[in-house]
Amino acid sequence: MVRGADLRGVSFYDADLTGCNFCGADLRGADFAKALLDCACFDGADLRGTSFINATIGSAHFNGADLRGANICGVFFGNATMIDAELDGIVKDEDTILPTS
């Protein structure tokens, strides 16, 4: 559990973070590239400039999260929830799939 923690710039590269609670955490500039994030919770987290390149998102929650400027290339968000998430300026590619609802 890292709820509300200051984790700016921390590398979680290729880590298994299944079910971790990052709600309200400051994760600006963190690296989640290739990480396993199924069922992780990022509700209300500050994820500005964070890298999620080729991460496995699964059923993660990003409700109310600030993802401005985050790099989400190669990420499938099909089962994730992103209600009221801030997505301005996100970096994505043809392999990026955002949730439909």
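I take contact to mean heavy atoms within 4.5 Å. With that in hand I looked up Lys-34, which touches Tyr-13, Asp-14, Ile-53, Asn-54 and Ala-55 when residues up to four places away in sequence are not counted.

Before going on, I note that this is a predicted model, in which local features need pLDDT of at least 70 and side-chain atom pairs count only at pLDDT 80 or more, while totals for chains, interfaces and linings use all residues. Residues are numbered from 1 along each chain as its sequence is written, and side-chain values use heavy atoms, with hydrogens and water left out.

Lys-34 is partly exposed, with a relative accessible area of 45%, and Asn-54 is partly exposed at 43%; here buried means under 20% relative accessible area, exposed over 50%, and partly exposed in between (1.4 Å probe, protein chains only). I also noted that the C-alpha atoms of Lys-34 and Gly-74, 40 residues apart in sequence, are 9.7 Å apart in space.

Entry on Leu-36. Its relative accessibility is 32%, so I put it down as partly exposed. Not counting residues up to four places away in sequence, Leu-36 touches Ala-15, Asp-16, Leu-17, Thr-18 and Thr-56, and its C-alpha atom is separated by 6.6 Å from that of Ile-57, which lies 21 residues away along the chain.

Entry on the core. Which residues touch the most other members of the largest nonpolar core? I found Leu-27, Phe-32, Leu-37, Phe-42, Phe-52, Ile-57 and Phe-62, out of 29 residues, where a nonpolar core is a set of buried Ala, Val, Leu, Ile, Met, Phe, Trp, Tyr and Cys residues joined through side-chain atoms within 4.5 Å. I then followed Phe-32, whose contacts beyond four places in sequence include Phe-12, Leu-17, Phe-22, Phe-42 and Phe-52.

Entry on Ala-80 and Pro-99. Ala-80 counts as buried at 6% relative accessibility, and Pro-99 is buried with a relative accessible area of 18%. Pro-99 and Gly-78 are 21 residues apart in sequence and 4.6 Å apart in space, C-alpha to C-alpha, whereas the C-alpha atoms of Ala-80 and Ala-35, 45 residues apart along the chain, are separated by 15 Å.

Entry on the whole chain. The C-alpha atoms of the protein chain fill a box of roughly 30 × 25 × 20 Å along the principal axes, and 42% of its 101 residues count as buried. Among contacts between residues at least 6 apart in sequence, 1% join residues at least 24 apart.
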